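Student: Please take a close look at the ligand site in this model. What surrounds the ligand, and which contacts hold up under a stated cut-off?

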Amino acid sequence: MPKISDGLDDWRRTHYSREVTPDLDGASVTVFGRVQSIRRQGGITFIILNDMKGIVQVTVHRENSERSLLEKVERLPQYSLIGVRGVVRSIVKAPHGAEILPSEIKILSEPRKDLPFDPYGRVEQSIDKRLDLRMVDLLRPQSNAIFKIRSVVLESIREYLYSRDFIEVNTPKIISSATEGGAALFPLLYYDKEAFLAQSPQLYKEQLAAVFEKVFEIGPIFRAEQFRTLKHLSEAVSVDVEQAYVNYIDVMELLEGMLKHVVDTVHKRCECELATLNVKLEPVKLPLKRVTYDEVLHILEGGGVKVEWGEDLSTPILKTYSKIFPSYHFIIDWPTKSKAFYIKPKRDRPEVCESFDFMYGSVELASGGSRIDDRKELTERLKEKGLNPKNFEYHLKTFNYGIPPHAGFGLGLDRFIMVLVGVENIREVVLYPRDPQRLTP
Ligand code: AMO
């Protein structure tokens, strides 16, 4: 039976692990964390304590420690969560050049059984095994680093957009009709009506841009994907941006500026995490290359791959092409029929629309475009796509009250993080991924 916790009482952290440095020599500190390892060597026990900021060494000398402390240390299992009160001693060999000589230790939680894998160990585990016990997997330095970087990415996206007067919004995730034709919906019973999980905040963000002019939302999107791939999840997070009085060229500039800000910020603020992952960030040089859909077809043809004009570009096809454009770039001016009903066709060539995909090699990170801002035209496009305008009346009627020209994009946050930290499987960068085979944890 695990022992009952010693209890927190009035103990509170005074320092994080990383702050225990030689300049604190002689100071009293209280730290909390998880026991990463215990090494007993002669009359000395070395405990490496891991907290949210890193590690600190706690050193117990048998000869000048109280009996009660020694008894506790004697039976302390690895991975226990403890509090340590003690005095800092500067010592060159310890991490950050200092250790803690404890006067008191509180055991707050003892693991009940052996962990199924050692998160601090060197043995590689399969992603499925790790995801089955994600909480433990997140103790692994690599997984831990990914989610710290993800948090900095979110922070820097918000910084960038707020500094440009965008306001952050939240739109419903239980909706009545589809917005992204190609992607399948998750139906659900909403009291006595059929409803769906939102595929994207598309129509809401357009309405909100008519009022607030610059809006963004960072939230979940739901896609009933049929197959398990390395780049698709049933629930993903998208960064949706919409702006009034601009077109697709303007929002591409906004997106590439945001990319640069995020990459520069991660470079500055995530030095340790990038080192843990052994990742060197590629500097972003603006403007990014813009290649038209027609040019892509031409390039592919040169490589012996024939694509019918109007067809979407599938991943295997894009693999050939990504040898020529391996990094960040845009594919612009897509055939109107390949894009969603709300994307604006070009005036002088309506079979092509004011649209873009933001790519990293063959991976689509975002898509966006100028939007149709005329009710009649939007109704026609809905019909052409085989959608019933009646189901969109809640949206169409807003056009009676003035909708400005507007444009925007949706950036797949998970795919972007994947590319940034250089992993192959999207599940690595999502805390609790959802796919056709996974609904837990
Ligand atoms: P789209 O359907 O292209 O566009 O989605 C935008 C971006 O979201 C990401 N994404 C996904 N990521 C993981 N798993 C999935 N199943 C998945 N589906 C999409 C991709 C993609 O580029 N409303 C438009 C955007 C707009 O025009 O503003 C939209 O949803 O990175």
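Tutor: A nitrogen atom of the ligand lies 2.6 Å from a polar side-chain atom of Gln202, in a predicted model. This pair is a polar contact, that is, two N or O atoms within 3.5 Å (within protein, one must be able to donate a hydrogen and the other to accept it, and residues adjacent in sequence count only if both atoms are side-chain atoms). The side chain of Arg371 places an N or O atom 2.8 Å from an oxygen atom of the ligand. Of the 620 Å² of accessible area that the ligand has on its own, the protein covers 92% (Shrake-Rupley method, 1.4 Å probe).

The shell around the ligand has 23 residues, the closest being Gln202, Lys205, Glu364, Ser367 and Arg371; a residue belongs if one of its heavy atoms lies within 4 Å. Strand 15 gives the largest share, five residues. Helix 5 (202-212), strand 15 (363-370) and strand 16 (406-412) each supply at least two. Helices (H or I, at least four residues) and strands (E, at least two) are DSSP runs numbered from the N terminus.

By type, the shell has eight nonpolar, seven polar and eight charged residues. Here Ala, Val, Leu, Ile, Met, Phe, Trp, Tyr, Cys and Pro count as nonpolar, Asp, Glu, Lys and Arg as charged, and the others, Gly among them, as polar.

Local features need pLDDT of at least 70, and side-chain atom pairs count only at pLDDT 80 or more, while totals for chains, interfaces and linings use all residues. Residues are numbered from 1 along each chain as its sequence is written, and side-chain values use heavy atoms, with hydrogens and water left out.
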